Amino acid sequence: MKYIVHKAFWDYEKEERWLNEMSAKGLALTDCSWMRHVFADAPNNEYIYRLELLEKLPTHPESMAYLRFLEENGVECVSTSGRWAYLRKKSSEGSFDIYTDSNSRLKHYKRIYACSSVLMWVELIAGLANLITGLVNINVGYKLGNFTAGNIILGVTMLLLAIIFFLWNLPLYRKIKRLKQQKAIME
Amino acid sequence: MKGSFFCVDNYIGLRYNNITDSDISDGDLAVEVFILPESSERGALTEAVFYILLSLYTPMHGYGIMQNVSRLSGGRVNLGAGTLYGALNTLLEKSWIHALQTDKDSRKKEYVITPLGQTAAQAEMERLKELLENARQIIGGQLQ
């Protein structure tokens, strides 16, 4: 039987945890596209799930070589969504982590952070641009046009979004900072 | 000649940083020379990489390396597939290992250490010896 659950996550580790909780209940993820998760019946805890943000799109030869390498080592890629790969391994084969030393873990976290902080920057810059245009327009006596109110409202909205994205990214930023501090002392 | 000789698996290597013509004269025995980068560039290898190099003194494929490293470290070091992939690619780029030709049917590629890689492993062993010696003197204690 197929089960479909629509659920959105900002934090990929929360999504991993949820997928593993579902797996423990006997529901194994078989496909995923953005928010749409598809599950199938499976023995309790048959699979351990991990998510990875690939460096390139899954169709890129580098990504394909990497996924093939993972497959040769017992890691199955059930689905991809954008650059995100949904990976799983049989729990009978032991523990499953993709990145085990701080160098590679940091690299992965940074890749994810770069991707998600882009949204924040876009909103910040666009928001400021709109706000400044609006304020300048008021100051020069509406010489630039009659859209000032729209500009300011848009600008403020975008800045608010930028703040929201910033707050959503904060845990990851802290994680990276902590890992970097740890690296100063040990591997 | 300045530098130190070492012998690894019948390979005579010269660890040296600057070789000029005046160091080599007619009649000298031809030796393969590995110029290692300056010490500041060399640095310490990570545990994972060192254990991978040690594993590849015998030809091995990816999963075999993971199991071997776990065995060597008594279950302490468990390589993730992603970490292993990154490390293997870096080692290939540095020519410290190379991939063996496999038959068309075999999907698993095997890797093996190169003489250059053995040099690096040897250098790392020297570094670890130095650390261990100093630790023994200061902290004391004998390893079984």
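Modeller: UniProt positions are given in the numbering used here, feature names are shortened, and annotations may be inferred rather than shown by experiment. The model is predicted: local features need pLDDT of at least 70 and side-chain atom pairs pLDDT 80 or more, while totals for chains, interfaces and linings use all residues. Residues are numbered from 1 along each chain as its sequence is written.

Biologist: Which residues of chain A does UniProt list for "transmembrane region"?

Modeller: The entry is unreviewed. Helices are DSSP runs of H or I of at least four residues, and strands are runs of E of at least two. The span 112-132 of chain A is 100% helix, with end C-alpha atoms 31 Å apart, and 152-173 of chain A is 100% helix, with its ends 30 Å apart. The record lists residues 112-132 and 152-173.

Biologist: How many residues does the contact take from chain A and from chain B?

Modeller: Contact means heavy atoms within 4.5 Å. The contact takes 17 residues from chain A and, from chain B, 18 residues.

Biologist: Which three residues supply 40% of the area that chain A buries against chain B?

Modeller: Buried area is the accessible area (1.4 Å probe) that two parts lose on being put together, summed over both. Chain A and chain B bury about 1,400 Å² between them, with 55% of it on carbon and sulfur atoms. More than any other three residues, the suppliers of that 40% are Phe69(A), Glu72(A) and Asn73(A).

Biologist: Which helix gives the most to the side of chain A that touches chain B?

Modeller: Helix H2 (61-72) and helix H3 (102-139) of chain A each supply at least two residues of that side. The greatest contribution, 7 residues, comes from H2(A).

Key. Chains are lettered from A and ligands numbered from 1 in the order in which they are written. Side-chain values use heavy atoms; hydrogens and water are left out.
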